[in-house]
Amino acid sequence: MTTTTTTPATTTTAATTARRPFARRRVALHAACLAALLVMLYPLAWLLATSVKPADEVIASLDLLPGRLEWSNYETALDGVNDVSVGRLLGNSLLIASGAVIGNVLSCSLAAYAFARLRFRFRGPLFAFMIATIMLPHHAVLIPQYIIFNQLGMVNTYWPLILPKFLATEAFFVFLIVQFMRGLPRELEEAARIDGCGPFRSFFLVILPLTRPALITTAIFTFIWTWNDFFTQLIYLFSPEKFTLTLALRSFVDASSTSAFGPMFAMSVIALLPIVLFFLAFQRFLVEGMANSGIKG
Amino acid sequence: MTTPHTPTTVRGEGAAPPARPARRPRREGAAWVFLSPWVLGACVLTLLPMAVSLYLSFTDYDLFDAPSWVGLRNYTQMFTEDPRYWRSVGATLTYVAIAVPLQLALALVVALALKNMRHGKAFYRSAFYAPSLLGASMSIALVWRAIFNDGGTVDYLLGTGGWVNQPGWALLAVALLTVWQFGAPMVIFLAGLQQIPGELYEAAEVDGAGRWRQFLSITVPMLSPVIFFNLVLQTIQAFQVFTPAFAISAGKGGPADSTLFYTLYLYDRGFVASHMGYASAMAWVLLLAIGVVTAVLFRTSRSWVFYASEGDR
């Protein structure tokens, strides 16, 4: 603020006094946000630190920084649980999550196109029903679904975790894609129709490519939610070799001794890693997708 | 519900242009092709299970022997003879009543703080949102249990002992994990705040309204549909929380049933004790309870949710 020698001194001081409270407020706001961020990130920092701490340091000190790095925690974690290696567990988790992603993207976009663009009988009531199922508690249908899959001999396989996704049971994503498709200009399909495209070709060639942002949002959310899912896996899977990372972590739940802390949290870090990577890579889609779910409703 | 459509009748909806009636049957057929996975899922994985679980709720069923009809016994047992059931209802309601308002209040405060920020808004938005993605995982639930355990960080800082071992405090630890995930409603609030026209605030400023007045008279009413949306969504989600309570109490709902959430007890009855009929009755009560709560929220919303400019949407 000492630069302006040409302008009268009075205006300079007036300008600074006028601006300073705002600047101070902005600095205070950033300081508050950063402080809040530090508190919020503490559990993650704690997780990372504990995963490389030697057993004797876990309980003895609250220092986040370990006295020495105990990488053997990760070696122990890589051996896995119940003689099933982490590689296998990771593969199982990935298999279920990818199946769910493909299923959701396919089935939800198909249903969404019908709701957003095509006319058919009972469209209004069916759409209302679809919206209502977003709010339906999963537990209301859990036991009969289990009985059905049990009758089909599918318990302790991945089918109960993947098959429902191919039947557009996650109505939230149908709704998300419907909202997005409604925003696309109708002229495109009109043009496609004039060029001789039926509903199928205009869906696959015109609409689907344009819906890509919503499909990516669907894919990422499905991946993360399936990856984090615990309840469904807990019910349907019981052979250790079919376990996912989440289920393997569960076996640490019963063991409360702190001696297992290092390997347990090393495995926790491994289990969180894909989500963190997905978040860093696609945060724009995730944040926008979440924002759009609320407005326009 | 979804009887296959017969394309012979022409309906007078007047929605499609009447110029090409010949095309409509084909398009209608196409619509059902697109819908078929959803229709199948809705029938086989939603409607049929709901009907079956209603039937099972009047039976005794252990997955192996055929269900035997017991009338209302599951319900009367639940309501009059099962103290654990009522403890689970109490724990769930207490948790919802603590976690949801705290989470939404924090989400709104942070959204307001970020709203007019010129630099770093996108960064904070993403950073605050991250826990919403991580928080549902078993990994974080285990971290939470360790931090709130005897000798954990909270015990060390506050000297209260481990929260997860004390009936009065364990629930609060779970609630704080939910509050930690305020990012998702915050992002939705922020999107809603940005839709409020700036002229409203300018006009209020001209009229001499202070910031608090502006918040009460402009922000709250204009944001009320979004507040309502978040309230309904988070309440329904909170009723169904499972993983953190399972992790913190090693699947038992302890100490002293203080974290025996409804879902946890339902899992215990159905899949641990194999009382599928009883668990189905619990599921239906949960369904009705969520329905009633949602209906009440919608009913009260008429008095406080303000939908601006009908022509706009």
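This note goes through a predicted model point by point.

1. Conventions. Residues are numbered from 1 along each chain as its sequence is written, while chains are lettered from A and ligands numbered from 1 in the order in which they are written. As the model is predicted, local features need pLDDT of at least 70 and side-chain atom pairs count only at pLDDT 80 or more, whereas totals for chains, interfaces and linings use all residues.

2. Domains of chain A. Chain A is split into domain 1 (9-72) and domain 2 (83-294), with bounds that come from an automatic or database domain assignment. The C-alpha centres of these two domains of chain A are 35 Å apart.

3. An unreviewed UniProt entry lists "transmembrane region" for residues 27-49, 94-115, 127-149, 161-181, 202-227 and 260-282 of chain A. UniProt positions are in the numbering used here, feature names are shortened, and annotations may be inferred rather than shown by experiment. In the model, residues 202-227 of chain A are 96% helix and 0% strand, with end C-alpha atoms 33 Å apart. Residues 161-181 of chain A are 62% helix and 0% strand, and there the end C-alpha atoms are 28 Å apart. Helices (H or I, at least four residues) and strands (E, at least two) are DSSP runs, numbered from the N terminus.

4. Thr50(A). This residue sits in helix H1 (residues 9-51) of chain A. Thr50(A) counts as buried because 24 other C-beta atoms lie within 10 Å; the cut-off for buried is 20 or more other C-beta atoms within 10 Å, for exposed 12 or fewer, and partly exposed is in between, with C-beta atoms placed from the backbone. Thr50(A) and Phe265(A) are 215 residues apart in sequence, but their C-alpha atoms are 6.6 Å apart in space.

5. Contact between the chains. Chain A contributes 66 residues and chain B 77 residues, where contact means C-beta atoms, placed from the backbone, within 7 Å. On the side of chain A that touches chain B, helix H14 (residues 261-294) of chain A gives the most, with 13 residues.

6. Chain B overall. Chain B has 13 helices and two strands. Of its 313 residues, 40% are buried. Among contacts in chain B between residues at least 6 apart in sequence, 67% join residues at least 24 apart.

7. Arg269(B). Helix H12 (residues 262-272) of chain B holds Arg269(B). Arg269(B) is buried because it has 26 C-beta neighbours inside 10 Å. Beyond its neighbours within four places in sequence, Arg269(B) contacts His275(B), Tyr278(B), Ala279(B) and Met282(B).

Key: Two residues are in contact if their C-beta atoms, placed from the backbone, lie within 7 Å.
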